[in-house]
Amino acid sequence: MEDRPSRLAPRALLWHHRYATLVAACVVLLIAAGGMVTSTGSGLSVPDWPTTYGWNMFTFPMSKWVGGIRYEHTHRLIASTVGFLTIILAVWTWRVEPRRWVRWLGAACLGAVILQGVLGGITVLFFLPPAVSIGHAGLAQIFFCLTVTMAVVTSPRWRHPESPVDDRTLRTLATITTAVVYIQILLGATMRHTNSGLSIPDFPLAFGHLLPPVWNAHIAIHFAHRVGAAVVTILVVATAGHVWYHHRCRRGLIRTVTALAGLVAVQIALGGLVVLTGKAPVINTAHVVNGALVLGTSLVLTLRTWRAAGLEPAAVRVPRPAANPPLGAEARP
Amino acid sequence: MSRIYRALAPVALAAAIAACGGNDASKSAVPASPKAAPGATKVDPSTAGTITGKVVVQGTLPENAAINTSSDPACGSGLHAETYVVDKGGLKNVFVYIKDGLGNKYIFDTPTEPVKIDQKGCHYTPHVVGVRTTQPLEIINSDNTLHNVHGMPKDNPEFNQGQPVAGMKNDFTFAAPEVLIPLKCDVHSWMNAYVGVVDHPYFAVTGDGGTFELRGVPPGTYTVEAVHEKLGRVSLPVTLGAKDSKELTFSFKAQ
């Protein structure tokens, strides 16, 4: 299947981009709902799947949304909605998108959300085995990254870059940062699903020391997540410093790395609060959601650094939409 | 057409997984015959004795937390955790049983009538029960709200059974001895109960005054263990002669 000319006017493609952005935003909401399920220990409050206490999930009476069911059932409904939105995104992309790889990106989004739904079902039916639950959490972030990528590469700025960033060092830094943030999220998911979140009960020290004086598997997982946070912070500071020093005139890049640095600072504070509040569900969930935002922001930066590196062949760029001519331009010779 | 099949494949996979999921409580435990050596006999009642006793706590126990039931109006109010119930200086809800010493010399009939736990007011009654291997444990939903019965054994299969309608009952059986198996309701996170599963009749749950009684015990030397959901386990040795009677006092330390 080859790249093909777009069937739609640029304005229609702009709506497609806005829709892709909406889907990515809905995935953040879905991650928040999933975070509340695990933070409140409600993962098995609905024992069956895909039904809900024998009901079709869409006809389950609201009067029965009590206790933990409220979180688990809401998560399932939001997931179904996101699944539906993703079907539309994939079909819409397939029909209008001139670039072959973006069309397949839409298909990958759909595949990821289907697999994610199945993993969610499996983890309920088999009583939350850690490996499956961690896989569910990890795939959620992959799915989020796919939708973020879709939103970025369908944007007018991507299609018609003024002057793409061509900085190999930044490209390397940003790519490593994104990969490490993802690994850090996987460590967090492992900590969450192995009940290691309070294995080190104090913060910022560990049992009053820099290094834990006692070790077991739970403490090791917890401490690895803290070390991961330090590594992410160093990488983000290095990336932001590079951009602030070498690309201070690029407002878009400056905004992105500033947001990234701010999100990491918030994330560290939330991580500390998770421990100090004994895993208060709202704080715990905010930590999960903010972690996804760190990953998404780092990914946006990474994609932009790859824009000039041949990720997008120039031949398939969509024509630039006609700008409104300045007043009186027609009269000029 | 093949495209349609490809598109439906994930749905079919999901349905297949749902169909063969390990969530059917009625199949959750495979019945097995209690172990008994060839030549094993029934206990001779004319020589059997009794072990009685009390469970006490040294130190000050924390107060049972008040439970916020606002997430489900059907649950009412005024509930407290039942972790520590002290009565006349004794600790209630402790499972006491003969852990070692019976060997496989005896044959015991397994009762067929179920041991019952009721869910009423979003609260398990009783909080701790004992059941024999393969004996049914019947769990009833007397509430006008939904419960799920989530058993979390280590040596028996895990189960999670929904009870969305008042009056629902489910029977559960356990093939292997296991002390204690936690039960919880994930809908109402404060609801928990404990089941002690043993393959002989010598067990009890401490009641008023923290006392217990094990009757019809054949002569022999035994290890008797008391197990509390939070305070852990305490074991004591005892030697019982024919028609003998012994008294034990288990002492837990408040944590």
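Here are some worked exercises on a predicted model with chains A and B.

Before you start: residues count from 1 along each chain as its sequence is written, and chains are lettered from A, ligands numbered from 1, in the order in which they are written. Because this is a predicted model, local features need pLDDT of at least 70 and side-chain atom pairs count only at pLDDT 80 or more, while totals for chains, interfaces and linings use all residues.

**Exercise 1. Work out how domain 1 and domain 2 of chain A meet.**

Step 1: get the bounds. Chain A splits into domain 1 (1-160) and domain 2 (162-311); such bounds come from an automatic or database domain assignment. Taken over C-alpha atoms, the centres of the two domains of chain A are 23 Å apart.

Step 2: count the contact. Domain 1 of chain A puts in 20 residues and domain 2 of chain A puts in 21 residues, where contact means C-beta atoms, placed from the backbone, within 7 Å.

Step 3: find the contributors. On the side of domain 1 of chain A that touches domain 2 of chain A, α1 (10-39) and α4 (130-153) of chain A each supply at least two residues, and α4(A) gives the most, with 11 residues. (Helices are DSSP runs of H or I with at least four residues, strands are E runs of at least two, both numbered from the N terminus.)

Step 4: sort that side by type. You get 12 nonpolar, 8 polar and no charged residues. Here Ala, Val, Leu, Ile, Met, Phe, Trp, Tyr, Cys and Pro count as nonpolar, Asp, Glu, Lys and Arg as charged, and the others, Gly among them, as polar.

**Exercise 2. Follow α8(A) along its length and past its end.**

Step 1: check the span. α8(A) has 26 residues and runs 37 Å from first C-alpha to last, close to the expected 38 Å; the expected span is 1.5 Å times one less than the number of residues.

Step 2: look inward. Buried residues in α8(A) include A:L253, A:L260, A:Q267 and A:G271. The buried residues of α8(A) pack against α7 and α9 (281-306) of chain A.

Step 3: go past the end. A:G278 follows α8(A) and has a positive phi, near 65 degrees.

**Exercise 3. Find the edges of the open sheet in chain B.**

Step 1: write the order. The 4 strands run β6-β5-β8-β11 (chain B), with mixed pairing; strands pair if DSSP finds at least two bridges between them.

Step 2: pick the ends. β6 (124-125) and β11 (169-172) of chain B each have a single partner strand, so one side of each is left without a neighbour in the sheet.

Step 3: inspect one pair. β5 (residues 115-119) of chain B and β6(B) are antiparallel over 2 bridges, and B:D118 sits opposite B:T125 in β6(B).

Methods: Two residues are in contact if their C-beta atoms, placed from the backbone, lie within 7 Å. A residue is buried if 20 or more other C-beta atoms lie within 10 Å of its own, exposed if 12 or fewer, and partly exposed in between; C-beta atoms are placed from the backbone.
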